[in-house]
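Try each task on the structure before turning to its solution.

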Amino acid sequence: MKHLRIWYLLPLLTTISLPAQAVEIEASFSPALWSYRQSMGAVPGTTTTPMNANVSGLAWLLDLQFRKSFPEYRLSVGLTGESLGSVRSRDEIGNQAGAAVQNTFDINHNELRADILWQWTDALAVGGWAAWQDDIHWRSNHTVSGLRTPFPGLAPDPVRETIQGTWLGISGQIDTLQRKLRLRLDVGVPLAVKTVNDIYPGETFTNNQTLRYNLAASYRLYTWSNGMTSHLTAAYRFRELGNEVRPAAYWPRNQWRVLSLGIRQMW
């Protein structure tokens, strides 16, 4: 793998001696269902539009968070690393200009987020967040109408598409059921986007007229004698990017969805 996996750091980080109540450490592992869909209307001068394609599968999702609270100001700040990868390659199926197309698809997603929350009431916190995202899509074994065909532009196989973005957003968080259940909503827009694709060497797509949102729930299952707590978590993530046309290239509108259910440990 070409990415630094944040879980490599977990054994080291959990051995760091921290002052009591100084910093909370949270780690979660979640199996996830993901889907990725692309679409583009007819683009003059192209032979591959209109087009659409979709792919879905299973993934692992891991995040590691550090959070520091400042009770005197009713504030907390956090830093989170998140990583997701498909369990195995999947078939992306669609059509281009009326022809059936298919290729093998793999995804690697990594993200670093910083957030700040202000405790407005005992149950409600509001705040903001910023994130840097790095996704890589790998495509190979491209076929058109069942026949093995080089990718447009005679790009290499596998083809790599890299999507990087800097995001800014707002958050709302509610604690209920005697603070056992936590609900959170994050909504954001990209400040900057940079996408490159082997199919279009020399082209960089930058459209940032898009959005994303995350819905998450966490229920405290058990509190251990040493103060560690175990939580059941569920989350739904949605992100839309793309829909950009260049004179000799295009980046389809794409929607990314992830539904996860897992366990979170808090120290």
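Buried residues (under 20% relative accessible area with a 1.4 Å probe, protein chains only, where over 50% is exposed and anything in between partly exposed) make up 45% of the 267 residues in the protein chain. This is a predicted model, in which local features need pLDDT of at least 70 and side-chain atom pairs count only at pLDDT 80 or more, whereas totals for chains, interfaces and linings use all residues. Residues are numbered from 1 along each chain as its sequence is written, and side-chain values use heavy atoms, with hydrogens and water left out.

**Exercise 1.** Find which residues of the largest nonpolar core touch the most other members.

*Solution.* Begin with the definition: a nonpolar core is a set of buried Ala, Val, Leu, Ile, Met, Phe, Trp, Tyr and Cys residues joined through side-chain atoms within 4.5 Å. The largest such core has 28 residues, and Trp34, Tyr36 and Trp256 touch the most other members. Next, consider the strands (DSSP runs of E, at least two residues, numbered from the N terminus): among those that each supply at least two residues of this core are β1 (24–40) and β14 (253–266).

**Exercise 2.** Decide whether Gln265 is buried or exposed, and describe its surroundings.

*Solution.* Gln265 lies in strand β14, and it counts as buried because its relative accessibility is 19%. Its side chain makes a polar contact (a pair of N or O atoms within 3.5 Å, one able to donate a hydrogen and the other to accept it within protein, where residues adjacent in sequence count only if both atoms are side-chain atoms) with the side chain of Ser230, at 2.7 Å.

Conventions
Helices (H or I, at least four residues) and strands (E, at least two) are DSSP runs, numbered from the N terminus.
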